[in-house]
Amino acid sequence: MRIQIDNACLIGGQNMLLTFSKIPIQTWEHIKSPEDLLKTASVEITKGINGLDKLVLRQIRGSTVEVYLYGAHVTSWKNDHGKELLFLSSKAIFSPPTAIRGGIPIIFPQFSNLGPLRSHGFARNRVWTMENNSHPLQSKPINGVFVDLLLKPTEDDLNIWPNRFEYRLRITLGLKGDLIMTSRIKNTNTDKKQFNFTFAYHNYFRVSNISEVRVEGLGKLDYLDNTQNRTRFTETRNVITINSEIDRIYLSTPKKLAILDHKKKQTISIQKHGLPDAVVWNPWEERSKTIVDLGPDDYKSMVAVEASAIGKPVILNSGQEWKAVQKLSDVTSH
Ligand SMILES: O=P(O)(O)OC[C@H]1O[C@H](O)[C@H](O)[C@@H](O)[C@@H]1O
């Protein structure tokens with residue numbers, strides 16, 4: 001089914017719940033030919049690999065985002081030219097309860113093994129629901145097409161992590177192809193119990209070759225080295241280049257980071273709010289061999305730069321809500 005609403009368009013089954021944004025009138029300036037009229041901003045609900053529910057967001061200039069309800073997992077982000085900006089493993093397993101290798105896993109309520117849960121918590125292993133009429137955000141995405149997803153704990157989840165929460169994730173594809181992810185996590189414990197958690201948007205970026213990559217914004221900062229029992233060091237370089245295994249949690253990082261790919265002549269920026277830390281991870285050759293869903297050469301074409309809150313766990317009182325935003329932009333001059 002295809003529903004036309006103003007000049008935003010929704011495509012999908014009859015009883016589905018979808019949120020949508022209206023495209024304000026000024027976007028008509030981008031319509032220069034009859035073909036452009038067919039390019040409407042849209043959200044499509046469809047089936048992905050292994051029949052898993054998948055959403056496709058499309059913008060009028062051609063950018064797209066694909067999201068699996070399993071994990072609220074963004075698996076693809078393409079710019080206006082159709083170029084893929086995220087890495088997805090050639091061996092990714094699209095079969096619950098295995099998390100999808102690549103794209104943007106949501107790491108909640110526990111980063112790595114920093115707590116009693118399985119590594120990286122359970123949000124990436126749960127099927128999220130789509131939400132209609134979600135709580136209004138303070139600022140509406142301008143010209144963006146978006147979906148609102150929701151995760152609440154099941155009784156099984158409460159057995160392993162005894163805290164009630166409502167996790168609302170808005171995924172927005174901006175007019176210029178920016179990918180904006182807004183997380184709002186509310187403590188809904190009824191017994192006034194506070195909880196704490198660690199969090200990451202585990203962004204896997206696609207790169208031409210890892211040896212071409214520079215990560216900017218982390219120079220001279222302190223980091224915890226995950227390969228050395230999280231010993232604290234201070235980065236000596238201004239710009240991070242990678243030529244062996246790296247697995248670090250950089251602490252108190254700036255609000256803006258950049259990933260430069262010299263060969264692709266591509267720059268991706270990460271702007272983040274409420275996310276002080278940044279993980280940089282590449283398993284390199286040896287460690288890759290221990291990861292079943294990563295191809296032997298995949299490490300060459302990926303770098304994970306993760307906007308996160310790890311160094312100081314987030315503490316939420318009952319009734320309180322935490323908000324964290326990341327905006328990914330392809331700022332390459334095309
Ligand atoms: O294999 P996963 O559980 O998906 O974790 C993949 C990687 O995620 C993060 O980047 C951690 O810092 C790494 O230590 C971990 O190896």
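Predicted model: local features only at pLDDT ≥ 70, side-chain atom pairs only at ≥ 80, totals over all residues.

Mentor: Residues are numbered from 1 along each chain as its sequence is written.

Trainee: Which residues does UniProt place under the feature "active site"?
Mentor: The unreviewed UniProt entry gives H202 and E306; such positions are in the numbering used here, with feature names shortened, and annotations may be inferred rather than shown by experiment.

Trainee: Why are they said to gather at one spot?
Mentor: Because they span 105 residues in sequence, yet no two of their C-alpha atoms are more than 4.7 Å apart. H202 is found in the loop between strand 12 (195-201) and strand 13 (204-206), whereas E306 belongs to strand 22 (residues 302-316); strands are DSSP runs of E with at least two residues, numbered from the N terminus.

Trainee: Why is H202 called buried?
Mentor: A residue is buried if 20 or more other C-beta atoms, placed from the backbone, lie within 10 Å of its own, exposed if 12 or fewer, and partly exposed in between. H202 has 23 such atoms, so the label is buried, and E306, with 25 C-beta neighbours inside 10 Å, is therefore buried as well.

Trainee: What does H202 touch, not counting residues up to four places away in sequence?
Mentor: Contact requires C-beta atoms, placed from the backbone, within 7 Å, and with that exclusion the partners of H202 are I104, P105, I107, A304 and E306. With the exclusion kept, E306 touches A200, Y201, H202, N203, A278 and V279.

Trainee: Which residues are around the ligand?
Mentor: They are A99, S112, S119, H120, N226, D247, V279, W281 and A304, where being near means a C-beta atom, placed from the backbone, within 6 Å of the molecule.

Trainee: How do strand 14 and strand 19 pair?
Mentor: Two strands pair if DSSP finds at least two bridges between them; strand 14 (residues 213-216) and strand 19 (residues 256-261) have four, in the antiparallel sense, and V215 stands opposite I259 in strand 19. Both strands belong to an open sheet of nine strands with antiparallel pairing, in the order 8-9-10-11-23-20-19-14-17.

Trainee: What makes strand 8 and strand 17 edge strands?
Mentor: Strand 8 (129-130) and strand 17 (239-240) each pair on one side only.

How values were computed: Contact = placed C-beta atoms within 7 Å.
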